[in-house]
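Biologist: I am new to this structure. Please show it, and I will ask how its descriptions are reached.

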Amino acid sequence: MSEATPKRAQLEVRDLEVAVDGKQILAGVSLSIPKGEVHALMGPNGAGKTSLGYAVMGHPKYQVTGGEIRWKDQSLIGMLPENRARMGLFLSLQYPTAIPGVTTVNFIRAALKGQGKSLPARDFLKLVRDQMTALKMDHAFMSRYINDNFSGGEKKRMEILQLAVLRPEMAILDETDSGLDVDALRTVAEGVNRVRTDGMGILIITHYQRILDYVKPDRVHVMAAGRVIASGGGELVDQIEKDGYDPMLREAGLEIDAAAGAATG
Amino acid sequence: MAVAAKDLTKDYKYGFNDGDEFVFRAERGLSPEVVADISRRKSEPAWMLEFRLKALEHFRQRPMPSWGADLSGIDFDDIYYYVRPAEEQGRTWDEVPEGIKRTFDRLGIPEAERKFLAGVSAQYESEVVYHSIREDLEKLGVLFCDCDTGLREHPEIFRKYFGTVIPPNDNKFAALNSATWSGGSFVYVPKGVRVEIPLQAYFRINTESMGQFERTLIIAEEGSFVHYIEGCTAPTYSKDSLHSAVVEIIAMPNSHVRYTTIQNWSNNVYNLVTKRAIAKEHAVVEWIDGNLGSKVTMKYPSIYLMGEGAHGEVLSVAFAGDGQHQDAGAKIIHVAPNTTSTIVSKSVSKGTGRTSYRGHLKVYPKAHNVKSSVRCDALLLDEQARSDTYPYMDVEAEDVQIGHEATVSKVGDEQLFYLQSRGISEQEATAMIVNGFIEPFVKELPMEYALELNRLISLQMEGSVG
């Protein structure tokens with residue numbers, strides 16, 4: 001990776017400030033992801049990584065108080081989440097919500113319809129079944145209520161299933177790897193790689209190197225205290241694996257405790 | 001979460017009226033003369049006239065209930081207590097007056113009859129104007145007719161059971177119905193006969209300030225099965241109408257009765273209904289009770305578990321939009337040992353809508369080994385929406401297992417965001433969450449009704465996003 005010839009950004013976050021209930025969570029985040037690139041976002045707990053994902057997707061609790069989020073040269077500020085999804089953005093949640101009474105198959109069908117991507121019933125069911133098979137999911141999940149009484153691992157697979165069916169242009173994966181055992185992680189990571197063809201951009205939010213062994217990042221960013229404190233190539237991951245975040249935090253002039261406590265994660 | 005308050009009547013598609021469509025209408029108000037006139041026009045036996053007049057006296061003496069919903073808007077003097085829409089009851093739709101037939105066409109009744117019903121009864125104002133039952137059922141001895149016909153043509157069975165489950169002095173509105181009743185259904189299922197396809201009754205009010213007082217009596221003999229479904233709608237008027245029904249069910253040993261209601265009155269109808277069943281040994285009675293419409297509903301379907309091993313279930317859903325109050329619930333009385341019961345109540349309040357769950361569970365001292373579970377879930381869609389729970393329990397036996405759970409939740413920001421982040425609009429997302437919430441109710445309905453209910457809920461969500 002080199003800094004020399006930066007490609008044109010598809011997702012651009014500039015000096016983004018975000019508050020939740022009046023409390024500042026993001027304090028000027030800047031990040032650019034060119035089309036089709038894989039970026040990793042790391043950092044200690046409470047650095048603001050999840051908040052960045054929510055802000056990009058338009059969660060109403062995350063109020064943008066400054067800066068800009070642009071997707072394909074269009075500002076996303078003030079745009080409803082459903083419209084962001086229709087423009088090709090996807091967020092895999094760290095803790096996906098259960099919706100009792102709404103089956104997985106109805107949920108996914110409604111999502112495709114909402115995005116103007118409805119398929120004939122037979123094609124739709126085949127697509128969902130094939131992707132479930134690839135993710136080693138029991139087809140019985142189709143008629144279960146989405147995420148209702150699912151295990152942590154089952155919820156993560158359910159997110160990747162949606163990713164595989166919805167085929168967004170840019171996916172933010174928020175700790176999709178956490179809580180997965182080695183085999184489950186491989187299945188999920190392979191799932192991501194399978195759908196990643198033809199230029200899907202990915203932002204992987206993670207604490208661990210493991211998933212990045214499967215989905216190789218083009219660039220790595222480190223967040224702390226509500227902003228990006230370091231960006232670089234794969235070597236950053238090795239560095240973090242070896243020394244932890246402390247040297248980077250010191251270099252950024254951050255108190256180590258404060259860096260971890262600034263945000264809600 | 002911001003679903004703005006909104007006038008639900010805008011989405012009520014059954015609010016049309018047919019103008020005046022009747023051959024006789026009693027003068028407004030209630031008197032012994034009006035009651036006697038109803039009885040005379042129906043050529044009833046003397047005992048029924050006496051029954052009616054006694055009930056009227058009780059109605060007059062009985063105070064309005066001091067609990068429950070606000071009923072102060074009812075003006076008993078301004079109501080038409082009897083309106084006869086046609087001279088004769090039709091056996092084919094062609095025999096039904098054109099205007100009335102058109103209304104039932106718009107409501108989809110003849111179509112439903114062709115597709116998936118074993119028998120249909122259509123009541124318009126005070127009388128059943130159309131009635132049919134499949135020939136094979138008739139040959140097996142199944143009776144399905146309006147209650148007036150039941151009294152006239154099957155007097156022995158009728159008189160043996162009529163008024164035995166809900167006596168006229170049970171409550172003020174049961175007394176009112178007993179004095180003024182007309183139409184409704186009389187169902188008799190002989191021993192061992194299983195009516196596998198539902199029978200349906202449809203109740204339509206057309207006149208402004210109408211009082212509809214249908215009376216239903218269902219007798220399921222030993223080992224029989226019947227599923228009875230009722231639906232109801234009315235035009236939207238500025239003046240209030242009154243619907244006050246009485247439904248009595250007698251479930252003989254080992255029989256199974258399922259009674260499904262989709263109540264969708266317009267928002268100017270007071271819906272004050274008494275429904276009660278008696279379950280004998282090992283009988284099963286289920287009330288599947290959906291309340292979407294009306295201005296005020298007070299209705300607590302009840303089951304008296306009189307025989308050992310009997311089982312009762314009340315599964316209800318209430319939807320209260322702006323200005324509506326659904327005061328609904330269930331009563332289960334365990335009289336015999338080894339009886340079991342389940343109550344599941346789901347309520348949704350939107351805008352200024354209000355839902356109340358009012359339940360009564362009673363276990364008599366000799367009813368040992370009783371099992372019962374009560375679950376009430378309320379979903380609030382707006383800040384002003386309101387939901388209350390009044391669960392009364394009165395347990396006099398010792399070895400009982402009773403579970404009670406109640407939850408109140410709001411449509412969650414996280415659920416909405418999750419759906420929206422997948423490209424689903426807020427309105428659609430809210431409807432999905434609400435339909436998901438009532439799914440345990442919906443899945444008990446025949447498919448055609450399930451689809452209709454989901455559609456009605458989505459309709460009520462339309463344009464509701466602020």
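Biologist: Which strand of chain B is joined to E19(B) by 10 bridges?

Modeller: This is a predicted model, and everything I say is computed from it. The partner over 10 bridges is strand E21 (residues 354-363) of chain B, and E19(B) and E21(B) run parallel. As one example of the pairing, Lys331(B) stands opposite His360(B) in E21(B).

Biologist: What makes E21(B) and E19(B) count as paired strands?

Modeller: Pairing needs at least two bridges, and E19(B) and E21(B) have 10.

Biologist: Why is E19(B) called largely enclosed?

Modeller: A residue is buried if 20 or more other C-beta atoms lie within 10 Å of its own. In strand E19 (residues 325-334) of chain B, 10 of the 10 residues are buried, so the strand is largely enclosed by the rest of the structure.

Biologist: How do you know that both faces of E19(B) are covered?

Modeller: In a regular strand, side chains alternate between the two faces of the sheet. On one side of E19(B), His325(B), Asp327(B), Gly329(B), Lys331(B) and Ile333(B) are all buried. On the other, so are Gln326(B), Ala328(B), Ala330(B), Ile332(B) and His334(B).

Biologist: Why is Gln415(B) called buried?

Modeller: The cut-off is 20 or more other C-beta atoms within 10 Å. Gln415(B) has 24, so it is buried. Gln415(B) is found in helix H9 (residues 413-420) of chain B. Leaving out residues up to four places away in sequence, Gln415(B) touches Thr97(A), Ile99(A) and Ile433(B). Between Gln415(B) and Lys331(B) there are 34 Å in space, C-alpha to C-alpha, and the two are 84 residues apart in sequence.

Biologist: What does each chain bring to the contact between A and B?

Modeller: Chain A gives 23 residues and chain B gives 18 residues. On the chain A side, H2(A) supplies the largest share, four residues. By class, that side has 14 nonpolar, six polar and three charged residues.

Biologist: What makes helices H1(B) and H2(B) roughly antiparallel?

Modeller: Helix H1 (residues 32-41) and helix H2 (residues 46-61) of chain B pack at about 155°, with their axes 10 Å apart. Angles over 145 degrees count as roughly antiparallel, so H1(B) is roughly antiparallel to H2(B). The crossing of H1(B) and H2(B) is right-handed.

Biologist: Which residues meet where H1(B) packs on H2(B)?

Modeller: From H1(B) come Pro32(B), Val35(B), Ala36(B) and Ser39(B), and from H2(B) come Met48(B), Leu49(B), Arg52(B), Leu53(B) and Leu56(B). By class, this contact has seven nonpolar, one polar and one charged residues.

Biologist: Why are E6(A) and E10(A) said to stand at the edges?

Modeller: The open sheet in chain A has six strands in the order E6-E7-E8-E3-E9-E10, with mixed pairing. E6(A) and E10(A) each have a single partner strand, so one side of each is left without a neighbour in the sheet. The twist averages 20° from one strand to the next.

Definitions and conventions. Residues are numbered from 1 along each chain as its sequence is written. Chains are lettered from A and ligands numbered from 1 in the order in which they are written. This is a predicted model: local features need pLDDT of at least 70, side-chain atom pairs count only at pLDDT 80 or more; totals for chains, interfaces and linings use all residues. Axes are lines fitted to C-alpha atoms, for helices over the stretch in contact, and angles run from 0 to 180 degrees between N-to-C directions. Helices (H or I, at least four residues) and strands (E, at least two) are DSSP runs, numbered from the N terminus. Angles under 35 degrees count as roughly parallel, over 145 as roughly antiparallel, 65 to 115 as roughly perpendicular and the rest as oblique. A crossing is left-handed if the near helix is turned anticlockwise from the far one by less than a right angle, and right-handed if clockwise. Two residues are in contact if their C-beta atoms, placed from the backbone, lie within 7 Å. Ala, Val, Leu, Ile, Met, Phe, Trp, Tyr, Cys and Pro count as nonpolar, Asp, Glu, Lys and Arg as charged, and the others, Gly among them, as polar. A residue is buried if 20 or more other C-beta atoms lie within 10 Å of its own, exposed if 12 or fewer, and partly exposed in between; C-beta atoms are placed from the backbone.
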